[in-house]
Structures are given as structure tokens and as C-alpha cells.
Amino acid sequence: MTALSVSIVGVGPRGLSILQRISELAGQLPAGRTLDVHLIDPAEGGQGSHPANQPAHLLTNTLAGQVTMFADGTGPSFTEWAASAGYRDFGGVYLPTGGTAGDPVGEHAYLPRQMLGGYLSWVFDRTVRSLPPHVRVVHHRDRAVDIEAHGGGDFTVHLRNGHVVPSDYVFLATGHCERVPTAQDRAYEEFAGTNADRNPWLVYCPHPYPVERLRNIAPGSTVAVQGFGLTAHDVISELTAGRGGVFRGSGWATEYLPSGREPRIELFSRQCLPFSARGVNQKGLTGQHRPRFFTREAVRLLRAEAVRRGDDPRLDFVADVLPLLLKEMGYAYRAAADGRPVPPEEYEFTADDRRAVEGIIDPLRGRAFPDRDAFRKFFVDYVVEDLEQAERGNRTSPVKAATDVIRDTRASLREAVEFSGLTPTSHRTFNSFYVPVMNRVSFGPPRHRNHQLLALMRAGIVDLAGGPGSKVVLDRETARFAIRTEYTGGTEIRHADALVIARLDAFHPEHDRSPLIRGLLARGLVRPYANGPFQPGGIDIDEQGRIVTAVGEPLPGAWAVGYPVEGPRFYTHALPRQGLASQFTADADASVRDMFAQIRHRHEAVQEDTYAGTDRKSVSVR
């Protein structure tokens, strides 16, 4: 009997999770069956966007002790692995000395992403070793450029080097993406190219990863960085610590010692608001805020009530869901402010609590600034106040207790949003306004990153290019990018030699530069996910993770997980947390179990044909 074969396209953390589940469920293969698992990824297994050879100054954004590839506790967490691998902490520098010098790696540390890459590769190697003899792995260190589906329910995966991989089943786990150049990208690139003879420092960088792309930015030049989020912090780190600069001290005493090779960095964005720092963790590694008002059951009840009224079961985020979230945030805010638990049945969402929570969400409401100096003062004061709240902790600080609610109620948000849970118009509003706000207030950097930001501003390395509503203008007279902001006191313009777009691209398959995605679209094997007229991104799948084709039918034997399905699903990129239920793991489990069910069904059909003999007759069943 020939071996069955499955191809996993992309073997970062999501592809690794598929391999883990295949290993754990391999006993479900019918007796006598063997399975070849083809892993298609040019990088080291498991690492994905966390390569172990990236600079050590790029950090993870989750407490190390909360990161694991074994949410069920069957394997070590990130910090447990780091200890077993001999890593020690030498004042924020982590080295695998295997000795007793330095300090143990703390569970509350934010470790380098290169270390996370090492952990993921270790998990990958362990998983491969754990496979039973009837499951074989073949790692193709190449990229998939096309997939054909054949009428018999099998596939051919085409690799960039010209090889083909016949497969009975396929998983897409391709991770982050890169867009094709937009009209704006092309205009910026043309501007930089045609004016290079007048300004040799002129650079346009639409994608900052890998950060080696930033080496084209000349020391002493001025670079405008669009964004204040986690990607912007990576860009700032690469252009400072990555250029030999040194941060000395910690907390409020943090200082920056320039190397002299830095550019001058000027920041701007649509709102020009910094991402809030993570609060000191007072909840333990597995602790979470337990929702009382914004629960999955409450969301389901809203939907059921709409059905009983004969209304659209899809919800309006602002009218239906946001009030529950704001009340939950107000409840956490009040309990922290009062310093005592508040019985939920006694809690009233007062006007004061509402003002506090709405002020967290929109600190610019009702504010105007006469000039950049005034806005810069507001900006610095905002960062300082936020850091003071962060130092108080995520239970003691009313602000951090409230914003942590967003992180701790992601299951409720998924219940409301996923698979067209919102009306199309509301879904657009949620994605364009509320998701960026939630990222800014709840998924920000470690505290020391914002302390470093203040130190860089004091050192004159970093400044603000503008204020709220800043726009990029191409100044052809000076051969420089110009950042223009309209203040109440008039228009101000700041010039820059380089422009870096410091954000990750949302995955819209019709605008992705991957030849694989273009081929799948052209063949009709995938289609962009759509909630009515709104296309939030991602490819369409059903709730089992099965890929939905252009004609609206599940593609037998094909599944997708992770970032490619950020659209029908919500917040797909978070790694599992120690001791907590994980959607990351659940998605992999559901799709792999579905694959094994299809294998068993196919096997039983073959067995029926084999043993039916020649006496079978057609029958009619009513």
C-alpha cells in the first residue's frame, strides 16, 4: 500500500503546530498506512519570522514565561528551555554559558527573538524525533510557487527550483506577507530613484524586515519613520543599538550613548500617539482578568436576541459589542482604583468610569495643538504618565487594569468578530479604528522600550516629525521627503532624506506579491475572504480551517492556519500561553483531526472496494 503524503507550506510556529498535532495524532492512521510529511520552507524548521540569526537587540513582546509551544504542559516553556540550554542573564545580555555566572533567565523577561528562534527549532527537532516509524518527514528547503489540485482529491506542489511534490493533503501556514507596490509606493520609489544624484541619502523603505534593509540609511542623514508601534521600536533599535549605540542605566535613569553612526530619527503617524507600555505583571504567568460582562455567552445572547427579533444576527460593534467591552474595562478600572474587589452585581458603569475609559481609548479628543513644540510636550508627558501607570502594575494601576481587559477578553472579541459576526460596515469600522486603538493601548512594548525612547529624545537622536494628521509630501525642490502637519497655529514641515514605513502589511491575497498566492487565486483554489462588500483581508476558510474555493465550496484535503486567514479569524499571530486554552493550538488540532478523519474515510472506501467482491449491485435508498 503506497504512503499517503501531506505538504505543510510554511514551517514557522503555525506550520510547527500542525506537525506537532500530526505527531500526537499519528496513532489514528489506519493500520498498515504510512504518511510522508513534506515540509516546504527555505528557513530553519519552526523559526518563521523569528530567525535565530537576527540581531539580539530585537525583542519578543510577551513575558518569556508565558510563551510555550506546549500549552498542555507536555513540554518546556520558553524560559524552561532557556534554562536547560544553559542561558544566563548578564545585565540584559543572554548567553548560553552553561555555568553559574550571571543570573538565571527570569520568567518576566522580554527575551531576544533570536532566542525564541532557537526554542522553536528545538521544538521542531523534538517533534521530528517523536514521530512514529510510519510517519516520515522530508524538509524541502525551498519555497512553494504554485499548487495544482487534481480531480481525484490530490495535489501537486510546485517548488521554486522546479521540483514537484505530489500530495494527498495540503496545509497553508505561510505566515507574514509582503504587498505588491501600491501607486504610493511606486511614486516614492520613483522619487528616490530620480533624485538620487541630487541627494545620495535619499532612500524609501516600504518594508523594514529583515532589518538589514535599513543599512541603506546613511549615518548623519534624517530618516522619517511612519509608525509608533512595535515595528517602529524595532526600526529605532536597529538604527541606534544596531549601529553601536549603548543604553546605560535603567528606568528613569536610562541614558543613551551615541556611536556617531546613527541617523537622526523623526517619528510620525496618523495620530502620532505612542504605544502604551506593558504594565508590571501582577497576575502571575497564567493569571487573567475574568470577564463578568464582556463574555462569550453575552455575545451569543446578543446574537440570539437579534434572531428572535427577526433582525440580522450580525452585530454592530459600536452599538452592541463596544458597550460590553467598555463596561468590562470600567469594572477593572474601578476595582483597581478602589483597591478592592467589586461584586459584579453591585457595579454601575458611572459617568466618571466612562470618561476614564474613553480617555484611554482617545486621549486626543477635544485637544488641539498650536505647533509641534506644544504637541511634543503633550507626547512626552503622555509617555511619562503611561510609564508611571505601568510601574504600578496591571492590577494596581487603574489604567493598566483596564487596558489588560482587552488582552484577556480576546475570546469574547473572536466570538463577536470571526466569520462575519459583525455587519460589513461595522466590521470595517472595527478594523480601521478599534483594532489600531486596541493594539496601541494593550499590545505595546516592554516598559524599557519607552524609557529608551525618552532617552533617545533627550539625546537628540529621536524627535517627532509632526503631530496628528501628518502627511508625506514629495519636495522635489529640495529632493527630500517632507512631513507636513496642520496645527492650529499654522502649517509646519519637517524634511527627511529617508522614509521608512514601520508597519506590517495586512494580508490581502489579491495584493500579495507571493507567486504561490497569485497562482492559487488564478486557479480558483482560494478566494479573498469577504464579509458582504467588505474585504478585511485573508483567504476564505470554513470553521474547520478548510480552504474555500472561488465557487464557495471547501477544497477537499486543504486547510489554512495563521496569518493567511486573518480576516475570517481574528488575532491569529499570538503564540500559546502556558497553562491557558490556546486558539493557536485549537486551530491546528481541528484541521489535523479533520485530515485524519478524511484519511479514515478514504481508507474505509478502499477497504469496501477491496472486499466487496463482484456481487455488488446498485441500490436506491429513499
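Colleague: What makes helix α5 largely enclosed by the rest of the structure?

Modeller: In this predicted model, 10 of the 11 residues of helix α5, which spans residues 230-240, are buried, and so the helix is largely enclosed by the rest of the structure. The buried residues include T231, H233, D234 and E238, together with V235, I236 and L239.

Colleague: Why is D146 called buried?

Modeller: Buried means under 20% relative accessible area, and D146 has a relative accessibility of 16%, so D146 counts as buried. This residue is found in strand β6, residues 144-149, and, leaving aside residues up to four places away in sequence, D146 touches T156, V157, H158, L516, G519, L520 and R523.

Colleague: How do you know that the side chains of D146 and R523 are joined by a polar contact?

Modeller: The cut-off for a pair of N or O atoms is 3.5 Å, and the side chains of D146 and R523 are joined by a polar contact of 2.7 Å, a value that lies within this cut-off.

Colleague: Why can the buried residues of α14 be said to line one face of the helix?

Modeller: In helix α14, residues 515-523, the residues L516, I517, G519 and L520 are buried. Seen down the axis of α14, the buried residues fall within an arc of 160°, and they therefore line one face of the helix. These buried residues of α14 pack against β1 (4-9), β6 and β9 (169-172). At the start of α14, a side-chain oxygen of S514 reaches to within 3.1 Å of the backbone nitrogen of L516, while just after the helix G524 takes a positive phi of about 75°.

Colleague: What makes the phi of C272 worth a remark, and is C272 buried or exposed?

Modeller: Most residues other than glycine have a negative phi. C272 is not a glycine, yet its phi is positive, at about 60°.

Colleague: What kind of peptide bond joins Y209 and P210?

Modeller: Y209 and P210 are joined by a cis peptide bond, with omega about -10°, and P210 has its place in the loop between β10 (203-205) and β11 (222-226).

Methods
Residues are numbered from 1 along each chain as its sequence is written. This is a predicted model: local features need pLDDT of at least 70, side-chain atom pairs count only at pLDDT 80 or more; totals for chains, interfaces and linings use all residues. Side-chain values use heavy atoms; hydrogens and water are left out. Helices (H or I, at least four residues) and strands (E, at least two) are DSSP runs, numbered from the N terminus. Buried means under 20% relative accessible area, exposed over 50%, partly exposed in between (1.4 Å probe, protein chains only). A polar contact is a pair of N or O atoms within 3.5 Å; within protein, one must be able to donate a hydrogen and the other to accept it, and residues adjacent in sequence count only if both atoms are side-chain atoms. Contact means heavy atoms within 4.5 Å. The arc is that of the directions from the helix axis to the C-beta atoms.
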